[in-house]
Amino acid sequence: MQNWNDVIARATNGNPEPERRVQKSEAEWRAQLSEEEYRVTRQAGTERAFSSEMCSLFEPGIYACVCCGTELFDASHKFESHSGWPSFTQPLKDNVVACKMDNSHGMQRVENTCNVCDAHLGHVFPDGPPPTGLRFCMNAVALKKVG
């Protein structure tokens, strides 16, 4: 189970190797994804807060990367953060979500990407509930419920 020190160490020193890699050309990604999915996942965009019903859905299941289908989060680790984006306390597996330092927009944050295809997912913050204290704040458009 990750904690904030683990997140910072990964963002600074590198992430665990994924089980596989998916690489496509920009044209292939554009053909596969909707305009909004492409903007968020391939251009590190952010969807509007509270723009998705996914924030208030708490049924059991698995959330996967919309780009490559890698299973990223289990609904049992999802919680109501009142942030406007789906939030989770931890990834499904240790090597599926990468952490990278993000100094954009005049602040320092830790960006999360899919460790398999480099899709921008969102950011992680140290203000989540126990047991991890983490809030993986994800763009709903970057995820798809698969189970």
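Asp118 lies in the loop between strand S6 (109–114) and strand S7 (120–125), while Arg21 lies in the loop between H1 and H2, so the pair ties together parts that are 97 residues apart in sequence. A salt bridge here is a side-chain nitrogen of Lys or Arg within 4 Å of a carboxyl oxygen of Asp or Glu; helices (H or I, at least four residues) and strands (E, at least two) are DSSP runs, numbered from the N terminus.

This is a predicted model, in which local features need pLDDT of at least 70 and side-chain atom pairs count only at pLDDT 80 or more, whereas totals for chains, interfaces and linings use all residues. Residues are numbered from 1 along each chain as its sequence is written, and side-chain values use heavy atoms, with hydrogens and water left out.

A search of the whole structure finds 6 salt bridges, and the table gives pairs from among them.

| Pair | Closest N and O atoms |
|---|---|
| Lys93 and Glu19 | 2.3 Å |

Glu19 is exposed, with a relative accessible area of 63%, while Lys93 is partly exposed at 38%. Asp118 counts as partly exposed at 35%, and Arg21 is partly exposed at 41%. Asp102, by contrast, counts as buried at 11%, and Arg109 is buried at 17%.

Another place to look is Thr132, in the loop between S7 and strand S8 (135–138), which counts as buried at 8% relative accessibility. Leaving aside its neighbours within four places in sequence, Thr132 is in contact (heavy atoms within 4.5 Å) with Met1, Gln2, Asn3, Thr89 and Gln90. Thr132 and Met1 are 131 residues apart in sequence, yet their C-alpha atoms are 6.9 Å apart in space. A polar atom of the Thr132 side chain lies 2.8 Å from the backbone oxygen of Thr89, and the side chain of Thr132 also reaches the backbone nitrogen of Leu134 at 3.0 Å.

Note on methods: Buried means under 20% relative accessible area, exposed over 50%, partly exposed in between (1.4 Å probe, protein chains only). A polar contact is a pair of N or O atoms within 3.5 Å; within protein, one must be able to donate a hydrogen and the other to accept it, and residues adjacent in sequence count only if both atoms are side-chain atoms.
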